[in-house]
Amino acid sequence: MSLTKNFELTFSLTISKTMVGIVLVFIALGILIKYGKMYFLIAGYNTLSNEEHLKFKIEEMATLYRNVMLGMGIVIIIGDFIADYQQNPAIEKYTFFGALAIGILYLVVQSNSKKYKKNQEKHF
């Protein structure tokens with residue numbers, strides 16, 4: 001095996017291990033937010049006052065975060081397998097950054113929607 005091929009194989013395996021590590025972090029974050037009730041991991045939630053905390057359906061929002069983190073992890077793993085199968089590392093990068101961009105955008109839009117806010121009816 002030539003030096004170039006050996007380097008490419010080593011680099012590819014390193015990237016694959018890195019991607020698996022990133023996926024495990026995403027899945028762990030989703031599980032911790034949902035089942036570990038670590039809501040402080042949700043950006044901005046820990047800076048809200050106690051009254052403002054009551055305005056959100058945090059359990060449903062935690063489910064959203066778990067599902068999106070799991071989805072991003074699955075897309076990254078699929079991209080890694082396809083990149084290895086096609087022997088094209090660019091696919092791995094596209095799926096990684098695509099999953100990140102779409103997942104984060106989806107999280108921001110959905111978590112700020114009315115679906116995750118409690119109805120605050122005022123009784124006079």
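## Burial and surface

A residue is called buried under 20% relative accessible area, exposed over 50% and partly exposed in between, with a 1.4 Å probe and protein chains only. By that cut-off, 25% of the 124 residues in the protein chain are buried. The accessible surface of the chain (Shrake-Rupley method, 1.4 Å probe) is about 8800 Å², and carbon and sulfur atoms hold 67% of that area.

The model is predicted: local features need pLDDT of at least 70 and side-chain atom pairs pLDDT 80 or more, while totals for chains, interfaces and linings use all residues. Residues are numbered from 1 along each chain as its sequence is written, and side-chain values use heavy atoms, without hydrogens and water.

## Fold

Helices are DSSP runs of H or I with at least four residues, and strands are E runs of at least two. The protein chain has 4 helices and 0 strands, in the order α-α-α-α from the N terminus.

Among contacts (heavy atoms within 4.5 Å) with a separation of 6 or more, 65% join residues 24 or more positions apart.

## Second largest pocket

A pocket is an open set of points on a 1 Å grid where a 1.4 Å probe fits, with protein on both sides within 12 Å along at least five of seven lines; lining residues have an atom within 4 Å of a point. The second largest pocket holds about 230 Å³ of space. Its lining has 14 residues, and Ile 42, Ala 43, Tyr 65, Ser 111 and Asn 112 are the closest to the centre.

Two or more lining residues come from each of α3 (58-86) and α4 (89-111), and α4 gives the most, with 4 residues.

How values were computed
Points joined across faces, edges and corners; volume = space filled by probe spheres on them.
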